[in-house]
Amino acid sequence: MNTASEPRRCGDKPCIIRQTFAAPRERVWRAWTVREELMRWFSPQGFTLTTCTLDLRPGGRLHYCMTSADGHEMWGRWSIREVVAPERLTVISSFSDAQGGITTHPMSPTWPRETLSTTTFTERDGKTELEIRWLVHAGTAAEHATFDAAHAGMHQGWNGTFAQLTAYLAGK
């Protein structure tokens with residue numbers, strides 16, 4: 001039996017988010033993996049990406065800052081585990097500070113410090129189905145419970161981000 005302080009492994013209740021984009025897979029992959037393109041769309045609605053460094057290779061890192069209209073900053077980082085262009089990107093995702101150190105979620109102290117995210121890009125009839133499969137990475141029981149309870153909110157947040165990606169891909 002797990003207690004709040006015992007770590008659990010990945011795999012309990014993944015959050016799976018899917019979206020189809022009216023663009024070829026190579027185009028969506030570039031939008032997702034090229035720094036200059038990420039800067040144009042990667043953030044929830046109401047935020048902009050104001051800082052971004054990207055070293056796209058296993059062992060590399062994405063470190064970014066999203067800033068709200070009122071100036072609130074949220075830093076994050078991806079530690080890149082796998083890059084299979086243009087099919088799959090696997091990362092450990094964390095909230096961070098400006099120096100890239102892992103921090104707790106600014107509004108949820110029991111949010112997992114690390115999550116494992118695998119994004120796949122599948123082309124069908126000239127469109128791209130993107131799937132994000134997101135899991136807690138080596139979290140506590142409390143972190144798993146927080147993550148499991150937040151799936152609806154994660155879908156909502158990604159829907160806003162995907163709306164920005166859709167507009168970007170359409171050239172708007």
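Phe 21, Trp 29, Trp 32, Trp 41, Phe 42, Tyr 64, Trp 78, Phe 121, Trp 158 and Phe 162 form one aromatic cluster. Rings of Phe, Tyr and Trp (its six-membered ring) were paired if their centres lie within 6.5 Å. The model is predicted, so local features need pLDDT of at least 70 and side-chain atom pairs count only at pLDDT 80 or more, whereas totals for chains, interfaces and linings use all residues. Residues are numbered from 1 along each chain as its sequence is written, and side-chain values use heavy atoms, with hydrogens and water left out.

The ring criterion gives 14 aromatic pairs. Planes under 30 degrees apart count as stacked, those over 60 as edge-to-face and the rest as tilted. Trp 32 and Trp 41 form a tilted pair, because their planes lie at 35 degrees, with ring centres 5.3 Å apart. Trp 32 is buried at 2% relative accessibility (buried means under 20% relative accessible area, exposed over 50%, and partly exposed in between, with a 1.4 Å probe and protein chains only). Trp 41 is buried as well, with a relative accessible area of 2%. Trp 32 also pairs with Phe 121; here the ring centres are 6.0 Å apart and the planes stand at 80 degrees, so the pair is edge-to-face. Trp 32 belongs to helix α1 and Phe 121 to strand β7, so this pair ties together parts 89 residues apart in sequence. Helices (H or I, at least four residues) and strands (E, at least two) are DSSP runs, numbered from the N terminus. Phe 121 is buried, at 1% relative accessible area.

Two packed helices are described by the angle between their axes and the distance between the axes. The axes of α1 (residues 25-33) and α4 (residues 151-169) come within 11 Å and cross at roughly 120 degrees. Axes are lines fitted to C-alpha atoms, for helices over the stretch in contact, and angles run from 0 to 180 degrees between N-to-C directions. The crossing is right-handed (the near helix is turned clockwise from the far one; left-handed means anticlockwise by less than a right angle). From α1, the contact involves Arg 27, Val 28, Ala 31 and Trp 32; from α4, Trp 158, Phe 162, Leu 165, Tyr 168 and Leu 169. Contact means heavy atoms within 4.5 Å. By class, the contact holds eight nonpolar, no polar and one charged residues. Ala, Val, Leu, Ile, Met, Phe, Trp, Tyr, Cys and Pro count as nonpolar, Asp, Glu, Lys and Arg as charged, and the others, Gly among them, as polar.

Side chains of opposite charge can pair when their charged atoms come close. The whole structure contains six salt bridges, each a side-chain nitrogen of Lys or Arg within 4 Å of a carboxyl oxygen of Asp or Glu. One of them joins Arg 27 to Glu 37, at 2.5 Å from N to O. Arg 27 lies in α1 and Glu 37 in helix α2 (residues 35-41), so the bridge ties together parts 10 residues apart in sequence. Glu 37 is buried, at 13% relative accessibility. Arg 88 bridges to Glu 82, with the closest N and O atoms 2.9 Å apart. Arg 88 is partly exposed at 27% relative accessibility, and Glu 82 is partly exposed with a relative accessible area of 27%. Arg 18, Glu 131 and Arg 133 are linked in a salt-bridge network. Within it, the closest N and O atoms of Arg 133 and Glu 131 are 3.9 Å apart.
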